[in-house]
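Hi,

Here's the structure I promised to pass on. Have a look below, and my notes follow.

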Amino acid sequence: MEPSKAIYDVVIIGGGLAGLSAAIHLRKHEFEVMLIEKNEYPKHKVCGEYISNEVLPYLDFLGVDVFHLGAKNITKFELSSSKNTLVKSILPMGGFGISRYTLDNSLFKKAKELGVVVVQDVVTNVEFSNDSFEIETKLNQRANSKIVIGAYGKRSSLDVKLNRNFIKNKSPYLAVKTHVKGQFPEDLVALHNFEGGYCGVSKVEDDRINLCYITDLEAFKNFKDLEEFQQKVIFKNLFLKSIFESTNPVFETPLTISQISFDSKSPIEKHILMCGDSAGMIHPLCGNGMSMAIRSAQIASDLIIDYLHMKIASRELLEKSYKTAWNNAFSSRLKIGHVVASVFRNNRLADMSIGILKTIPSLIPAIIKRTHGRPMLVK
Ligand SMILES: Cc1cc2nc3c(=O)[nH]c(=O)nc-3n(C[C@H](O)[C@H](O)[C@H](O)COP(=O)(O)OP(=O)(O)OC[C@H]3O[C@@H](n4cnc5c(N)ncnc54)[C@H](O)[C@@H]3O)c2cc1C
């Protein structure tokens with residue numbers, strides 16, 4: 001980071017999908033943008049890696065062609081209960097499968113190519129005074145900016161520093177992801193339930209199959225390791241047993257994360273515009289978190305451009321407009337996502353619901369539509 005007191009137009013904390021999308025968008029409008037990311041690119045992330053097609057027009061504007069990177073076009077959906085009842089549906093808008101390793105890295109390269117200043121460090125504090133920000137990092141670097149975007153994901157020590165409410169609550173989930181190779185249809189995303197969780201299965205580039213499951217930490221604690229948990233709990237779902245047993249792992253060991261919570265957050269915190277999971281996280285069961293991250297970056301960037309061009313008269317108005325736009329875009333899908341997730345958290349209810357969906361399969365695309373957005377058109 002520069003030792004000088006240069007003021008960036010925008011500093012972005014976190015270079016996942018939200019941060020990188022905003023960085024490219026703002027740089028395309030010739031603003032001076034710094035992005036601070038704690039990890040090196042490329043990197044695998046725990047994620048189901050199925051993205052709704054709603055992001056395609058915007059990714060095109062950002063300059064990323066996912067199918068050129070090997071993404072798989074996904075049009076079909078399957079859902080099974082822990083008792084092995086299977087329902088099938090088409091996906092109303094469809095989506096694609098691509099690894100975060102490839103997608104985030106391609107956005108990172110685009111951002112660098114356009115002149116975004118990318119710094120590898122951890123942001124430890126943000127102070128706002130005299131209408132500007134000072135950002136501090138773990139390596140004792142400092143930067144100043146007119147705007148800060150918080151795009152640092154679902155949970156960070158920065159949330160503690162900013163004294164955000166949700167950080168005080170427990171986060172009771174564990175998620176595991178691996179890539180395997182074997183037979184699986186390219187155009188299908190499947191969600192197979194097991195007692196205490198579910199596992200998503202879909203293909204990504206390079207003929208890999210993503211297996212990503214999320215479970216209650218409590219359910220997992222009774223077993224000595226992942227292997228035992230898989231054998232004794234996950235394999236009771238025979239679709240999962242067959243997929244796990246007929247494929248070969250690509251990763252030496254699966255990636256795991258805990259501390260996942262879906263509590264509501266505020267899209268503005270101490271004048272920082274929060275994007276992606278930092279602003280609010282939809283349950284992964286809905287397969288819409290990545291689209292929401294990218295869409296929130298688009299909304300924030302459009303408003304920041306207007307503010308920096310003085311088409312929005314004050315910071316207060318910028319923050320109010322972002323909050324309203326964020327709520328309009330996401331409140332309803334978050335609410336429906338919460339309902340869907342609580343039904344699926346209860347095994348009996350989940351089995352019953354899947355039974356109902358088997359009788360009335362047309363309900364599936366209707367529910368999916370309500371947890372997804374429309375194609376992201378570009379201004
Ligand atoms: C188990 C699981 C499965 C999922 N499956 C899907 C799916 O199939 N489809 C879908 O659409 N969504 C899915 N999601 C949701 C999706 O992964 C997220 O919504 C998405 O990654 C959010 O992007 P983001 O940019 O907000 O955050 P992230 O991608 O998490 O990026 C945040 C970045 O900030 C960096 N960072 C954090 N703290 C700091 C700091 N203090 N300083 C600097 N950098 C920092 C991190 O290193 C990280 O790179 C899933 C989520 C989980 C947990």
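Does Asn140 count as buried or exposed? Asn140 counts as exposed, because it has 9 C-beta neighbours inside 10 Å. (The cut-offs: 20 or more other C-beta atoms within 10 Å of a residue's own make it buried, 12 or fewer exposed, anything in between partly exposed, with C-beta atoms placed from the backbone.)

Before the rest: this is a predicted model, where local features need pLDDT of at least 70, side-chain atom pairs count only at pLDDT 80 or more, and totals for chains, interfaces and linings use all residues. Numbering runs from 1 along each chain as its sequence is written.

Asn140 isn't a glycine, yet its phi is positive, near 60°; you'll find it in the loop between E8 and strand E9 (142–150). (Strands are DSSP E runs of at least two residues, helices H or I runs of at least four, both numbered from the N terminus.) Asp131, also not a glycine, has a positive phi of about 60° and sits in the loop between strand E7 (123–129) and strand E8 (132–137). Asp131 counts as exposed because it has 9 C-beta neighbours inside 10 Å. There's a cis peptide bond between Tyr41 and Pro42, with omega about -10°, and Pro42 belongs to the loop between E2 and E3.

On to the ligand. There are 40 residues around it, with Gly14, Gly16, Gly48, Gly276 and Gly289 coming nearest (near means the C-beta atom, placed from the backbone, lies within 6 Å). Among the elements giving two or more residues to that shell are helix H1 (17–28) and helix H8 (289–308). H8 gives the largest share, four residues.

Cheers
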